[in-house]
Amino acid sequence: MAKNVLLTGGTGFVGKQLTDLLTDSGFTVSILSRNARENTSLITYYKWNLKTNYINEEAILQADYIIHLAGEGIVEKRWTKRRKKVIVESRVQPIDLIYSILKKNNKVPDAFISASAVGIYGAVTSSVICKEDQPPATDFLGVTCVEWEQAVDKITSLGIRTAKIRTGIVLGRNEGFLKKLGPNFKAGFGAILGTGKQYLPWIHIDDLCQIYLKALTDEMIKGPYNACVTDNTTNLSFSKMLASLYGYKIWLPKVPAFILKIVLGEMSEAVLKGQRVSSEKIQKTGFEFQFTDLESALVNCLN
């Protein structure tokens with residue numbers, strides 16, 4: 001009988017593509033959804049409602065693996081005090097609920113794999129190439145990721161193998177980071193943000209989904225793993241490359257940092273700063289990236 005993978009955030013950008021990969025790889029998939037959806041032979045939807053702390057326990061109890069992808073978008077809205085609370089709770093609360101159900105029923109799935117983010121290393125631009133053992137930052141993104149990963153540690157305490165996939169900017173076809181930038185760049189209005197020197201850790205959606213599959217099937221994978229290509233991509237080089245693929249050179253002046261700070265507030269730190277990230281640990285497991293060159297990754301996405 002095919003093993004079952006339960007996804008939170010299964011109807012999102014990463015979740016939809018990961019579902020296709022999992023079913024193609026011989027798994028059945030269960031997805032927690034706030035809305036009723038039609039089941040198929042390979043995909044079953046279960047109801048959950050975080051506002052009322054409700055999850056259909058059957059989804060948890062029949063799962064062989066659990067992948068946690070759910071979470072409010074980091075740069076969707078200005079970081080008010082309320083928004084910050086929502087961002088953290090949307091990541092931590094589902095894990096706490098799943099933990100309580102697992103503990104109550106003495107359920108031990110084969111693995112619990114959670115998304116995390118390279119934001120744990122902080123909104124800083126430096127020459128340091130961040131590895132998984134680097135101390136976390138104390139800014140909002142750093143603290144958010146720490147709370148997120150500490151919630152996963154509770155799952156680990158139940159004797160369950162856990163992994164944390166620290167993800168950077170995800171490049172996909174008309175989705176993710178490119179969905180936000182694409183229209184402006186396609187129209188010829190691409191621009192460099194701030195100095196443009198901030199690093200932009202990125203990964204192609206196909207590689208990210210393969211990392212999740214690897215984390216499920218390789219019992220040696222435990223703890224945090226960076227899911228980004230190790231290169232020197234900056235906002236400047238990324239913007240120039242994207243513009244060139246649309247057939248022009250960037251002509252607009254750089255968007256000054258002070259304007260972004262006025263418009264975005266504290267959230268501007270997330271776009272004005274960024275560090276390089278090492279992929280050495282995941283590669284040592286035998287994982288091979290399909291896309292390590294930015295141009296080929298962008299061409300694949302734009303086509």
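**Group meeting talk: salt bridges and a few loops**

Let me start with one residue. K131 counts as partly exposed, at 39% relative accessibility. The cut-offs are these: buried is under 20% relative accessible area, exposed is over 50%, and partly exposed is in between, with a 1.4 Å probe and protein chains only.

Now the ground rules. This is a predicted model, where local features need pLDDT of at least 70, side-chain atom pairs count only at pLDDT 80 or more, and totals for chains, interfaces and linings use all residues. Residues are numbered from 1 along each chain as its sequence is written, and side-chain values use heavy atoms, with hydrogens and water left out.

Back to K131. Its side chain meets that of E280 in a salt bridge, 3.0 Å from N to O. K131 sits in the loop between β7 (129-130) and α4 (140-156), E280 sits in helix α10 (residues 280-283), and the two are 149 residues apart, so this pair links distant parts of the chain. For the record, a salt bridge here is a side-chain nitrogen of Lys or Arg within 4 Å of a carboxyl oxygen of Asp or Glu. E280 is partly exposed, with a relative accessible area of 33%.

Next, the whole chain. How many helices and strands does the protein chain have? There are 11 helices and 12 strands. The radius of gyration is 19 Å, close to the 19 Å from the globule rule for 303 residues, so the chain is as compact as a globular protein of that length. On terms: helices (H or I, at least four residues) and strands (E, at least two) are DSSP runs, numbered from the N terminus. The radius of gyration is taken over C-alpha atoms, and the globule rule is 2.2 Å times the number of residues to the power 0.38.

The C-alpha trace spans about 60 × 40 × 40 Å along its principal axes. Of the 303 residues, 50% count as buried. The accessible surface is about 14400 Å², and carbon and sulfur atoms hold 53% of it. That area comes from the Shrake-Rupley method with a 1.4 Å probe; for residues, only the protein chains shown count as cover.

Contacts next. A contact means heavy atoms within 4.5 Å. Among contacts with a separation of 6 or more, 78% are between residues 24 or more positions apart.

Charges. The chain carries 37 positive and 29 negative side chains, and the centres of the two sets lie 7 Å apart. Lys and Arg count as positive, Asp and Glu as negative; His and the chain ends are not counted. Each charge is placed at NZ of Lys, CZ of Arg, CG of Asp or CD of Glu.

The salt-bridge count is 14. Here are two further pairs.

K3 pairs with D110, with the closest N and O atoms 2.6 Å apart. K3 is in the segment before β1 (4-8), D110 is in the loop between α3 (81-105) and β6 (111-117), and 107 residues separate them. K3 is partly exposed at 37%. D110 is partly exposed at 35%.

E76 and K180 meet at 2.9 Å, N to O. E76 lies in the loop between β5 (65-68) and α3, and K180 in helix α5 (residues 176-186), so the pair ties together parts that are 104 residues apart in sequence. E76 is partly exposed at 48%, and K180 is partly exposed at 45%.

Now backbone angles. Which residues other than glycine have a positive phi? One of them is N53, with phi near 55 degrees. N53 lies in the loop between β3 (43-49) and β4 (54-55), and is partly exposed at 47%. Another is N106, with phi near 50 degrees. N106 is in the loop between α3 and β6. At 69%, N106 counts as exposed.

Two last residues. S268: buried or exposed? S268 is buried, at 1%. S268 lies in the loop between α8 (257-264) and α9 (269-272). Not counting residues up to four places away in sequence, S268 touches L260 and K261.

N235 is in helix α7 (residues 235-245). N235 is buried, at 7%. Leaving aside neighbours within four places in sequence, N235 is in contact with I192, L193, G196, Q198 and L200. N235 and R34 are 201 residues apart in sequence, and 36 Å apart in space, C-alpha to C-alpha.

That's the tour. Thanks.
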